[in-house]
Amino acid sequence: MLEYVNDRATVAITALDDWDLDFDTPGANHRSGQRSAELSEACVRKQLVPQLTAYVKQKLDSLSSPALLDYRFSFWGKFQTDTGELKLPIFHSVDQEKRARLLANISAYVTELFADESGPTEPLETFFLFRYLLDEALFPELDAEKGRAVFERILDVNKSGKERQAEHRANIVNALRQWAEEQFLPRYFDITAKPWQEKQYTKKSGLDPASIAEAEMELLLYTGVAIIKHEPAYSRQSGVALLERAVELGSKRASLLMKEGSGTIAREVAFYRDELVECKANDVFATVTIAIRQEAAESYARALRFLCALLQHGFPKSYQIKLKSGVKQFLPIKGLAKSATHRFFANALAYPPLHPLLADYAREAMEQFAWYADADDEKNVMPGSYAVFGLGLADRRYFSLVEDYMGKIDEEHQSAKNQFTAAFAKNARRESRDAANACRVPAARNGRAEAEN
């Protein structure tokens, strides 16, 4: 049976009697007069593969229209032999007419995309376009600059719809990731893959870094930064890993990105220093270093305004704070990670005049499926959590903020809301009891005064 699905062909032979094979070769297995699929490698190479090649070619030639096939068709076989698994190429063809037509269509599409009257495009078009632009069989000379220009243009013409733009971006970033992992890295690294483990990359011996095309390296760095900036928090490490591979290949720019950030956020936004506080952000590692030089409300106010500006300029919301401060306060909620991020917001919450600014920060930071990146999985909390928790316990005026927070939170993957809810309820009961006692005291005094009168 020949099955072709999603660019992959599969052949299953259910009755070997249908094939004219010689099983009297070494390694053939005969049991109770039945032939076994445990073939010798010689049998596979000399007899089975040639017949499969002829079979596939005959089937392709018999198609009335090859429209369902890509411009190139590759068919590989994986065989279990008496010496182990054997993977061999069976058939490969390139339809030059279809390839030329595809290139013409791509050129026309890109030209139209950059026309002044160009409007929103379809995400499925972007899905295919970027896989073709990164296909070395179509474009042997990689044009990284053109790819970036097309990327930005697609985002620009689709900016009217946030969700639509995000879908286009995801299609592009996935295509870039696929190019990096399936085309670029295997050329320069020996890759070891084990189930449920990260792949191990070993730079190939004798590799001359100067032989790597500058355009390829630039695209690898662009891909790593795009994953870090636009993919969910759990994907960030794969972007960082691409930058690490680039460092191993001798890229000085990759080393600079790892040290100072991607450069896509202006220095005046990513760095701030005065006599009260010093703040520095690195969007590659999604870290913000805050050094409180003087413990005062204004110090934390300036740091909070720095964080708000960062998020407004596209800094990853799944980040962590590295805090240098002599004060160590934490929220009165059991089970929260005692991290530097937690400590920064607990310290800031000690200054009531900062509460409105903390609320502004929380609304800017909250995003479903994003997490502060400084706690174990079971203690992960959505960005803005510490500010929301502290404000919710401090003042009833922020109850609407708590409601908005609970509406955004990913309940399945965050348990800290349960501890906050318990603390919030306990706090509310205490406030009610104190209010009731405050009412009883004047009433008792009035009663005594009436009695005396």
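In this predicted model, helix α3 (residues 123-133) packs against helix α5 at an angle of about 20 degrees, and the axes of the two helices lie 9 Å apart. Because an angle under 35 degrees counts as roughly parallel, α3 and α5 are described as roughly parallel to each other. The crossing that α3 and α5 make is right-handed. On the side of α3, the contact is formed by P123, T126, F127, F130 and R131, while α5 contributes R164, E167, H168, N171, I172, N174, A175 and Q178. Sorted by class, the contact of α3 with α5 holds five nonpolar, five polar and three charged residues.

Helix α5, which spans residues 162-188, also contains Q165. Is Q165 buried or exposed? Q165 has a relative accessible area of 18%, and because buried means under 20%, this residue counts as buried. When neighbours within four places in sequence are left aside, Q165 is in contact with L155, N158 and K159.

A second pair of helices can be described in the same terms. Two packed helices are described by the angle between their axes and the distance between the axes. For helix α10 (residues 297-312) and helix α11 (residues 340-349), the axes come within 10 Å and cross at roughly 130 degrees, which means that α10 is oblique to α11. The crossing in which α10 passes α11 is left-handed. Here Y300, A303, L304 and L307 of α10 meet F344, F345, N347 and A348 of α11, and by class this contact has seven nonpolar residues, one polar residue and no charged residues.

| Helix pair | Angle between axes | Distance between axes |
|---|---|---|
| α3 and α5 | about 20 degrees | 9 Å |
| α10 and α11 | roughly 130 degrees | within 10 Å |

How many of the residues of α11 are buried? Helix α11 is mostly covered, with nine of its 10 residues buried, and these are T341, H342, R343, F344, F345, A346, N347, A348 and L349. The cover over the buried residues of α11 includes strand β11 (287-292), helix α10, strand β12 (320-324), helix α12 (355-365) and helix α13 (385-394).

Not counting residues up to four places away in sequence, T341 touches Q320, I321, Y372, D374 and Y386. With the same exclusion of residues up to four places away, F344 touches I290, Y300, A303, L304, L307, I321 and L323.

In soluble globular proteins, nonpolar side chains tend to be buried together. The largest nonpolar core of this model has 57 residues, and those with the most contacts inside this core are I290, L307, Y319, F344, F345 and Y361. Its largest share, nine residues, comes from α10. There is also a second, separate core of 46 residues, which includes L102, L176, A226 and I227.

The loop between β10 (277-282) and β11 holds V284, which at 1% relative accessibility counts as buried. Leaving out residues up to four places away in sequence, V284 touches I228, R236, V240, L243, L257, M258, G261 and S262. V284 and V240 are 44 residues apart along the chain, yet their C-alpha atoms are separated by 7.0 Å.

Most residues other than glycine have a negative phi, and most peptide bonds are trans. A286, which lies in the loop between β10 and β11, is not a glycine but has a positive phi, near 55 degrees. F369, in the loop between α12 and α13, is likewise not a glycine and has a positive phi of about 70 degrees. As for accessibility, A286 counts as buried at 1% relative accessibility, whereas F369 is partly exposed, with a relative accessible area of 48%.

Finally, the protein chain can be viewed as a whole. It contains 15 helices and 12 strands, and buried residues make up 41% of its 453 residues. Of the contacts in the protein chain with a separation of 6 or more, 60% are between residues 24 or more positions apart.

Definitions and conventions: Residues are numbered from 1 along each chain as its sequence is written. This is a predicted model: local features need pLDDT of at least 70, side-chain atom pairs count only at pLDDT 80 or more; totals for chains, interfaces and linings use all residues. Side-chain values use heavy atoms; hydrogens and water are left out. Axes are lines fitted to C-alpha atoms, for helices over the stretch in contact, and angles run from 0 to 180 degrees between N-to-C directions. Helices (H or I, at least four residues) and strands (E, at least two) are DSSP runs, numbered from the N terminus. Angles under 35 degrees count as roughly parallel, over 145 as roughly antiparallel, 65 to 115 as roughly perpendicular and the rest as oblique. A crossing is left-handed if the near helix is turned anticlockwise from the far one by less than a right angle, and right-handed if clockwise. Contact means heavy atoms within 4.5 Å. Ala, Val, Leu, Ile, Met, Phe, Trp, Tyr, Cys and Pro count as nonpolar, Asp, Glu, Lys and Arg as charged, and the others, Gly among them, as polar. Buried means under 20% relative accessible area, exposed over 50%, partly exposed in between (1.4 Å probe, protein chains only). A nonpolar core is a set of buried Ala, Val, Leu, Ile, Met, Phe, Trp, Tyr and Cys residues joined through side-chain atoms within 4.5 Å.
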